[in-house]
Structures are given as structure tokens and as C-alpha cells.
Amino acid sequence: TGPQQQPREVALARHADAAVLVARERHLPRLLLGALWRRAALHVEAGCWGEADACADEAEALLAAVGGDPVAAMGLTVVRGMRARRTGRVDAAIECFSRVADQSARLGIEDRELEALVGLARTHLSAGDPAAAWEALAPALDRWRRRPGGPASPVAALVVTGTEIAAIAGDGAAAVRLAAEVAARAPGPRGSYAQAIAAAAAGRRPAAGAVEDAAARVEASGRRPEAARMRMAAAEVLARRDDAREEAADLAAAALGLYRSMGSGEWGSRAEGLLRRLGRRAAPRAGAGGLTPRETEVLGLIAEGLSNRAIAERLVISEATAARHVFNIFTRLGVHTRAQAVAVGLAPGGTGVPPGSRTPYA
């Protein structure tokens, strides 16, 4: 989960790794099942998608072998939901979190239900629907907000999420009230972050650099997706203030860098959109200029709207070869659609193609 993690994150990862090792050596499948899904969750928190998928896949195979274990099954579904949310697959994330919220409520497993509701609310909020986010979160706030818990507890995450929803929805008074509760529960970077976005929502200029300082501390702990999400949520709030637009753009640019490094293409596209609204051009992608001459030619044909078959006919190559070039372009540019490839690859500074030499999609 990264060499720069703080002791708590390092300890959690080491404990999970030790549990996996012991369970393997002693042939304890149920212990291994639990250790694997916890390790998968830590990989997701660090933005290591391949490692998370490997652990979750092995855990799911074990679950099928050892028989029904509803707690482990829900834990795996939460991991899948976290993975989906943090890579922009909103519908899949909503389905996972909704299923776990319903199942855990029926079984009376409160911590799992709370975790699922926080995930559901954050998914709706990240997708630009604060009303749906609040609908998911409000009952949980009413039921659990008075429960004790430290900065890393699900209840702290619940109240932080409530602050974000209120701030993004423009309810400054509610954001300030919730931020005060966050500061009491989580006096570290979460508290500082919540107070900064609440101040902005309430019409006050937060202390310069407060959000970036909090997000940088979270990032240094190894929780890169969380740090990116914090920067984006704060940028959305600060973008409404004329005196904070530059800071909002800085935060969106920092979030974009993290999204690109993690391969979270959908959220990266959203960060690019926010930067454009703020009047700033996104920095060229690392490696965007690394297309081969043939790939650059293929990208130009994609911009003309040609299918893989039409590209093959134009260049007198096989359709399979054309498809491979398109796949390589997507990989190098870190995109998932043809429209994204054109927008990124043919932007000034994107691949070295002279501006105006092609007509990208609107």
C-alpha cells in the first residue's frame, strides 16, 4: 500500500498479510477468506486495483468452496462497491452498496450497514446527485451520529460525508454544524478539511491551503483515492467563490494527477471538466506524447469518426491490427472511449499533433 504510509496503515497491511500467511500455512480456509477480503479493502483504499481484484477473486472462490458466510460475502460486496465507486463505475457501486445495506439491516449487522450507507451516499455525491446522497445518509445520521468512535470509525466517515453533501448542496449552516461534529470526532485532517469546506459553503474564505494540507496528509498515509475525492469535493465548493477559484483549480489539478496515476479515468475526466470551467487547461498526460507514428495516424482517423473496420480499410491493415492500435492508444492515454481518446490525444500538447490539424469531437 505504499512506502510513505504512516504507522497505522503500515500496521493494518502487515497484520492482514500475516493473517493471510498463517491461514495459508495452516490450511484455515475461513480465516484466509476473512484475511483476503480485508487485504482487498486495504488495496482499494490505496488505489491498487489489480492487487485488490486478485485478493477479492481468491476470496470469492474460497467463499464458494467453504459454503455460505453472509458476513464475509457482504464484506466482499462492499470491497467491490468501493472499487467500482473509485474507478467511476457508478451503477455497479450503487448496486453493491444498496444490496449490502439491505442485507445487513435484515441481519442486524450495524457496522456493515453503516459502511454501506456511507458508500452509497458518497457514490451519489461523486456522481453529482447530492439529493440522492442525502436521502441515503440522513437516516444513518439520525440513528448513529451519537455513537462513540475514533477518527477512523464508520461514524466519523458518516459525519464527514454529511458535511460534504451539505457544502456541495450549498447549505452552509448545516455544513458548519456537521463540520463542528467532525472536528470533535476526528480532530486530524478530516476535521480540518470539513471545517474548510463548511466555511466556504457558509460564505467565508477558508484558510489558504487548509484543504490541500489535509488532503496531502491523507495521501501520505497511502489513501490516495480518499485524498483525490477530498480535493474534488472541496474544489466543487470553492469554485463558487470568485476569490477561491485559483485554489479550486489547484485542487482539481492535484486530484486529476492522482486519478490519472490510479487509472480512474471517469473521475479524471470529471476533474478535467472542472478545470475547464475554471479556465485552466489540464496538464498533458504523462506518456501522452508517446504514441507511435502509426498510433498517431490511427488517432486522427478515430477523430474522423471511423470504425475499426474503416480504419483497417483506409490503412490497408487487418481489422484485428486496427483494434490493437486502438487498444494501445487507450492504454497510453489512460482513457476508455474513443471520444476521450480524441479529446485527450488531440488537445494542444497532447500528442504533438499541430492544433487545428484535426477536428476533435465537441
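These legends accompany views of one predicted model.

View 1. Helices (H or I, at least four residues) and strands (E, at least two) are DSSP runs, numbered from the N terminus. Of the 362 residues, 51% count as buried, meaning under 20% relative accessible area, while exposed is over 50% and partly exposed lies in between (1.4 Å probe, protein chains only). Among contacts (heavy atoms within 4.5 Å) between residues at least 6 apart in sequence, 61% join residues at least 24 apart.

**View 2. Helix α10 packs against helix α12.** Helix α10 covers residues 189-201 and helix α12 covers residues 224-238. Their angle is about 20 degrees, and their axes lie 9 Å apart. Axes are lines fitted to C-alpha atoms, for helices over the stretch in contact; angles run from 0 to 180 degrees between N-to-C directions. The two helices are therefore roughly parallel, a term for angles under 35 degrees.

**View 3. Side by side, α10 and α12 meet through named residues.** From α10 come Y193, I197, A200 and A201. From α12 come M230, A233, A234, V237 and L238.

**View 4. R281 sits in the loop between α14 (265-277) and α15 (293-303).** R281 is exposed, with a relative accessible area of 61%. Its C-alpha atom is separated by 9.3 Å from that of A253, 28 residues apart along the chain.

Residues are numbered from 1 along each chain as its sequence is written. In this predicted model, local features need pLDDT of at least 70, side-chain atom pairs count only at pLDDT 80 or more, and totals for chains, interfaces and linings use all residues; side-chain values use heavy atoms, leaving out hydrogens and water.

Note on methods:
Angles under 35 degrees count as roughly parallel, over 145 as roughly antiparallel, 65 to 115 as roughly perpendicular and the rest as oblique.
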